[in-house]
Amino acid sequence: MLIAEALSFHYSQAEPGQTLDFRFDLRLAPGQCVAVDGPSGAGKSTLLNLIAGFLKPASGQLRWLDEDLLALHPWRRGVTTLFQDHNLFDHLPVWANIGLGLAPDLRLNAGQRQRITEGLEQVGMAEMASRLPSELSGGQRQRVALVRALLRDTRLLLLDEPFTGLDRANRETLWVQVERLKHSGVAVLLVSHDAEDVQALADYRLRLVEGRLIVASPAPA
Ligand SMILES: Nc1ncnc2c1ncn2[C@@H]1O[C@H](COP(=O)(O)OP(=O)(O)OP(=O)(O)O)[C@@H](O)[C@H]1O
């Protein structure tokens, strides 16, 4: 269970009229998906960066049950993040970009290679394993980043507008994969403006208003 309590952050330099002070409260159980929305600049990326560990809160708590996540480096938190700018390495082919999520030194065993092949098949990119990111369309790059995020062993998955620009068939395929992860106990935080994605995946919805998370639809009991 992810628990954020009064997780606060303050940007020291912001334009007039911007929200400066954030204070997030959130509970997310294993196997649950919460959707978070809010207008541009509301603080969605700030929230994800605090949970992932790329920003340090001014105060508050962030726990996985009794484990203090704030004491852990980002790569020790058991959190996988898929940001909007897909973070692919331009000099590495598709299979290696995905493989980095499984073995940082790219010493992949047969089972891991098989998982990469299957992951690419599931998003219709089986033939593209050897291509470089520069040889792919934007939507294809997005699918590669998604496969990498979905294949990693993780307990919490943070997705920032993950399906934007994908066609319906691809989105449905990926919904199935995210559902599968939920069933295996992964907690998912989905930042999305897309009502269909939210409908397909989210168990409840939160909205970011004036630096706070408010309940837009309650979590199931
Ligand atoms: N490094 C920074 N310094 C100062 N202000 C920042 C910084 N990063 C973000 N902000 C401001 O903090 C607020 C929240 O930004 P954030 O990126 O979290 O919003 P968002 O909801 O993810 O927006 P979008 O939907 O446009 O991606 C915005 O007003 C933004 O301008």
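Author: Helices, which are runs of H or I with at least four residues, and strands, which are runs of E with at least two, are taken from DSSP and numbered from the N terminus. Residues are counted from 1 along each chain as its sequence is written. The model is predicted: local features need pLDDT of at least 70 and side-chain atom pairs count only at pLDDT 80 or more, whereas totals for chains, interfaces and linings use all residues.

A residue is called buried if 20 or more other C-beta atoms, placed from the backbone, lie within 10 Å of its own, exposed if 12 or fewer do, and partly exposed in between. In H5, the buried residues are Asn 170, Leu 174, Val 178 and Leu 181. Viewed down the axis of H5, these fall within an arc of 70°, so they line one face of the helix; the arc is that of the directions from the helix axis to the C-beta atoms. An α-helix has 3.6 residues a turn, so residues three or four places apart point the same way. On the other side of H5, the exposed residues are Arg 168, Ala 169, Val 176, Arg 180 and His 183.

The buried residues of H5 are covered by elements including helix H4 (138–151), strand E7 (156–160), strand E8 (187–191) and helix H6 (195–201). Within H5, Asn 170 counts as buried because 20 other C-beta atoms lie within 10 Å. Two residues are in contact if their C-beta atoms, placed from the backbone, lie within 7 Å. Leaving aside neighbours within four places in sequence, Asn 170 is in contact with Val 123, Gly 124 and Arg 143. The C-alpha atoms of Asn 170 and Leu 28, which stand 142 residues apart along the chain, are separated by 27 Å.

Just after H5, Gly 185 adopts a positive phi of about 105°. Elsewhere, helix H1, residues 44–52, is followed by Gly 53, whose phi is positive, near 105°. The buried residues of H1 include Leu 47, Leu 48 and Ile 51.
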